[in-house]
Amino acid sequence: MTRRAIITGASSGIGRASVVLLRERGWDVIGVARRADRLESLAKETGAEVFAADLTRQQDIDALAEFAGTDPVHALVHIAGGALGSDRVEDGDSDEWLRMFEMNALSAQRLVKAFLPQLRRTAADQGTHADLLFLTSTAAQGAYPGGGGYNAAKAAEAMIPRVLRQELVGEPIRVFEIAPGLVHTPEFSLTRLGDQAAADAVYDGVDSPLVAEDVADVVAYCLGLPGHVNLDLITMRPVAQGAQHALHRGPLAPRV
């Protein structure tokens with residue numbers, strides 16, 4: 001049986017890497033993102049279906065649901081999101097905070113509302129399980145100066161899978177949360193900080209930060225587990241990051 005996934009954030013970074021990997025493993029995929037030109041390239045490279053949508057707009061989510069049609073959907077993988085700014089709480093831009101809440105938490109709720117009925121139908125019609133997977137962040141687990149808006153948005157998003165897991169008890173629907181720490185992708189820090197030098201400095205000297213493919217591998221691992229196995233929360237960091245603030249810069253070496 002060929003399984004079908006909807007993956008958001010598919011134009012770059014972890015979302016794109018997840019589309020590539022699931023296609024390599026035989027999944028049918030609808031890749032979703034705002035940038036249509038990037039999606040066209042992804043479709044040519046992987047054979048995935050693609051759909052351009054801004055997930056902060058309800059009309060775009062409605063259009064995505066219509067595009068997906070009535071064919072089975074086995075997994076909704078919500079990777080889209082992001083951070084804006086690094087101001088102190090007292091200096092924060094309220095519009096940026098609202099945008100982050102919409103990008104991360106509200107988009108997750110809207111997608112669940114749109115696709116949970118279809119996931120249920122798939123599970124019922126095929127006698128199988130269905131999956132909801134959310135990419136949150138270690139920013140949802142620990143506060144840090146300059147992270148207030150992103151901490152709040154990701155903490156809000158992280159509550160959604162935790163609530164869903166309880167609300168869906170008794171149904172064959174798994175709910176995964178993956179919370180990465182430092183991941184070096186081309187756009188996350190650049191979008192957040194708005195300056196390439198500042199973005200590069202985030203990763204400067206870090207010995208082997210995570211990359212998008214590392215996280216995509218965990219996404220694929222979760223979806224490939226036997227249907228009765230659920231991983232509630234996977235927190236993943238590079239070895240160089242012992243905790244949210246415990247980031248080692250320089251080569252990793254045994255203490256002798």
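**Figure 1. Two aromatic pairs turn up in this predicted model.** By the ring-pairing rule, the count comes to 2. One of them brings together Phe51 and Phe67, with ring centres 5.0 Å apart and planes at 35°, so this pair is tilted. The two partners come from distant parts of the chain, 16 residues apart: Phe51 sits in strand β3 (residues 49-52), while Phe67 belongs to helix α3 (residues 58-68). Phe51 has a relative accessible area of 17%, so it falls under the 20% cut-off and is buried. Phe67, at 33% relative accessibility, counts as partly exposed.

**Figure 2. Here is the pair formed by Tyr150 and Phe188.** This one is tilted too, with 5.7 Å from centre to centre and 55° between the planes. Tyr150 is part of helix α5 (residues 148-167) and Phe188 of helix α6 (residues 188-193), so the pair ties together parts that lie 38 residues apart in sequence. Tyr150 is buried, at a relative accessible area of 7%, whereas Phe188 is partly exposed at 28% relative accessibility.

**Figure 3. Now for Arg4, a buried arginine in strand β1.** Setting aside neighbours within four places in sequence, the residues in contact with Arg4 include Trp27, Asp28, Ile30, Glu49, Ala68, Val73, His74, Ala75 and Gln118.

Note on methods:
Residues numbered from 1 in each chain as written. Predicted model: local features only at pLDDT ≥ 70, side-chain atom pairs only at ≥ 80, totals over all residues. Heavy atoms only, no water. Helix = DSSP H or I, 4+ residues; strand = E, 2+ residues; numbered from the N terminus. Buried < 20%, exposed > 50% of the residue type's maximum accessible area, 1.4 Å probe, protein only. Contact = heavy atoms within 4.5 Å. Phe/Tyr/Trp six-rings, centres within 6.5 Å; stacked < 30°, edge-to-face > 60°.
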